[in-house]
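The entries follow in the order I made them.

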Amino acid sequence: MSDRGYPNAVADEFPPPPTAFTDREDREIEIRPYEGEEAVREALVEMYDAFDPADRAQGIPPGGEERIREWLDAILCDDCYNVIAWCGDDAAGHATLVPDGDAYELAIFVHQEYQRAGIGTHLIRGLLGHGQANGVEKVWLTVERWNRAAVSLYKKIGFETSDAESFELEMGLRLHAGDDEDADPDPDDGDE
């Protein structure tokens with residue numbers, strides 16, 4: 001059991017992938033779950049290899065093809081949930097839920113050519129829908145506090161700040177009620 005805090009309220013339902021939309025640049029984007037395809041893995045290697053180093057946070061994604069492949073080996077496994085944003089045959093973004101004790105850590109990346117077009121919002125909603133459909137109860141993330149666009153996005157989605165003690169904010173979201181100790185019982189739920 002972690003010391004992380006999560007909202008008592010369960011988040012709204014999120015649409016599970018596949019989903020499609022037109023971004024703010026009039027590009028057709030599709031969000032699809034990763035299902036172990038080698039061609040998809042290679043498209044992610046290519047996307048991350050071309051990732052702007054200025055957009056890296058907390059050491060990820062790593063730089064260099066070999067390190068990218070090692071990192072993808074760790075997060076494209078059966079224990080993790082992954083969704084990819086596609087613009088035609090190009091990977092435009094990737095989001096992952098990585099198991100961490102009784103919860104999952106969320107990480108999201110949108111390639112610089114596709115940023116500020118609404119893709120991140122759809123990508124995170126698709127990932128959370130994928131997590132809900134697979135029984136994920138709690139999700140947490142960290143974000144640099146000065147990354148106001150990301151903080152705003154996470155709050156809009158329903159994440160609440162659980163720790164603001166450092167240069168990073170830790171935020172949590174509850175996808176399913178579960179029966180863990182950090183959930184308050186419903187005060188209106190009595191025997192009548």
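How many bridges join strand β2 to strand β3, and do they run parallel or antiparallel? I found four bridges between β2 (residues 28–33) and β3 (residues 81–87), and the two strands run antiparallel. Strands here are DSSP runs of E of at least two residues, and helices are runs of H or I of at least four, numbered from the N terminus. Two strands pair if DSSP finds at least two bridges between them. Isoleucine 31 stands opposite alanine 85 in β3.

I noted the source next. The model is predicted, so local features need pLDDT of at least 70 and side-chain atom pairs pLDDT 80 or more, while totals for chains, interfaces and linings use all residues. Residues are numbered from 1 along each chain as its sequence is written, and side-chain values use heavy atoms, without hydrogens and water.

I then read the whole sheet. It is open, has eight strands in the order β1-β2-β3-β4-β5-β6-β8-β7, and its pairing is mixed. β1 (19–22) and β7 (160–163) are at the edges with a single partner strand each, so one side of each has no neighbour in the sheet.

I looked at one helix. Helix α1 (residues 38–49) lies across β3, β4 (90–100) and β5 (103–110), at about 100° to β4. Contact means heavy atoms within 4.5 Å; axes are lines fitted to C-alpha atoms, for helices over the stretch in contact, and angles run from 0 to 180 degrees between N-to-C directions.

Last, I checked histidine 94, which lies in β4. Histidine 94 is buried, with a relative accessible area of 0% (buried is under 20%, exposed over 50%, partly exposed in between, with a 1.4 Å probe and protein chains only).
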